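I opened this structure for a first look. These are my notes, entry by entry.

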Amino acid sequence: MTTSRKVILGVTASIAVSKAQAIANALQYAGFEVRAAMTWSAKQLISEQLLSGVLNAPVYSQIWNPAQGGETHINWAKWADAMLIAPATASCISELWAGKYDSCVTLLAANIPPERLFIAPAMSQNMWEQPAVQRNVEQLKAWGVRFIEPVTGIVASKATGQRLQEPSAIVDYLKQVVEIQSPAQGCE
Ligand SMILES: Cc1cc2nc3c(=O)[nH]c(=O)nc-3n(C[C@H](O)[C@H](O)[C@H](O)COP(=O)(O)O)c2cc1C
């Protein structure tokens, strides 16, 4: 019998949220079963319907009125072999550092063991260099959370910032850590 690995893609409100669809697709092509969760702020930047359509599944985007088939966040976290937050905002990283679990993404992450949590930050250079952000990243790493390191490049408004790695590179990294036993068919 073969099984595929299950991952929750957590999406937060970085300008790099425009890559969320490509990341979801790349995960599916790589054989992962994928569910997605979005913050309220992420939904101001891209539509929930886009992710739901790509995954052909409900997206967890409201703590108090969930549409994910009646399943709780606890059940979702139990279902997952790993959670990837990509893109991850400075705010999301700060919430995880502080143990503040007010969004769908951080609430799920709170129920995933640190070693199964993967964070791909994306933000402006000024944000990235904030002592608070650097402290939060270092502390989460010390707790066992793995960071998919961003790369320096041009982000919004032609400013320098920390960009997401390409979706294929993010997924390759995840594959190295979360073993795939049965590649799936992928999707369009
Ligand atoms: C257009 C726009 C782009 C943004 N891009 C980023 C970003 O790249 N990285 C970041 O950390 N915050 C960014 N922010 C700020 C976050 O959206 C804001 O801190 C928000 O509260 C994060 O919420 P969330 O982490 O719950 O999704 C951006 C805001 C706007 C309006």
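Predicted model: local features only at pLDDT ≥ 70, side-chain atom pairs only at ≥ 80, totals over all residues.

**Glu-138.** I found Glu-138 in helix H8, which covers residues 131-142. I also checked a distance from Glu-138 to Gln-176. The two residues are 38 apart along the chain, and their C-alpha atoms are separated by 22 Å.

**H1 and H9.** Next I turned to a helix pair. Helix H1 covers residues 20-29, and helix H9 covers residues 167-177. I read an angle of about 45° between them, with the axes 9 Å apart. That angle makes H1 oblique to H9. The crossing of H1 past H9 is right-handed. From H1, I listed Ala-22, Ile-23, Ala-26 and Leu-27 in the contact. H9 brings Pro-167, Ile-170, Val-171 and Leu-174. I sorted the residues of this contact by class: eight are nonpolar, none is polar and none is charged.

**H1 and H3.** How do the axes of H1 and H3 cross? I read roughly 15°, and the axes come within 10 Å. Angles under 35 degrees count as roughly parallel, so H1 is roughly parallel to H3. H1 passes H3 in a right-handed crossing too. On the H1 side I noted Ala-20, Gln-21, Ala-24, Asn-25 and Gln-28. They meet Leu-50, Leu-51, Val-54 and Leu-55 in H3.

**Asn-56.** I then looked in the loop between helix H3 (48-55) and helix H4 (73-79), where Asn-56 lies. Most residues other than glycine have a negative phi. Asn-56 is not a glycine, yet its phi is positive, about 55°. Is Asn-56 buried or exposed? Its relative accessible area is 71%, so I noted Asn-56 as exposed.

**Asp-81.** I found Asp-81 in the loop between H4 and E3. At 17% relative accessibility, Asp-81 falls under the 20% limit, so it counts as buried. What is Asp-81 in contact with, leaving aside its neighbours within four places in sequence? I listed Ser-4, Arg-5, Lys-6, Arg-116 and Val-178.

I went on to strand E3, residues 82-88, where Pro-87 is found. Most peptide bonds are trans. The bond joining Ala-86 and Pro-87 is cis, with omega about 0°. Thr-89 is in the loop between E3 and helix H5 (90-98). I noted Thr-89 as buried, because its relative accessibility is 13%. Not counting residues up to four places away in sequence, Thr-89 touches Thr-12, Ala-13, Ser-14 and Met-123.

**A sheet.** Last, I traced an open sheet of three strands. I wrote its order as E5-E8-E7, with antiparallel pairing. Which are the edge strands? They are strand E5 (123-124) and strand E7 (151-154), and each pairs on one side only. I counted four bridges joining E7 to strand E8, residues 160-163. E7 and E8 run antiparallel. Ile-154 stands opposite Thr-160 in E8.

Key:
Residues numbered from 1 in each chain as written. Heavy atoms only, no water. Helix = DSSP H or I, 4+ residues; strand = E, 2+ residues; numbered from the N terminus. Pairing = 2+ DSSP bridges. Axes fitted to C-alpha atoms, helices over the stretch in contact; angles between N-to-C directions. Parallel < 35°, antiparallel > 145°, perpendicular 65-115°, else oblique. Left-handed = near helix turned anticlockwise from the far one by under 90°. Contact = heavy atoms within 4.5 Å. Nonpolar A, V, L, I, M, F, W, Y, C, P; charged D, E, K, R; others polar. Buried < 20%, exposed > 50% of the residue type's maximum accessible area, 1.4 Å probe, protein only.
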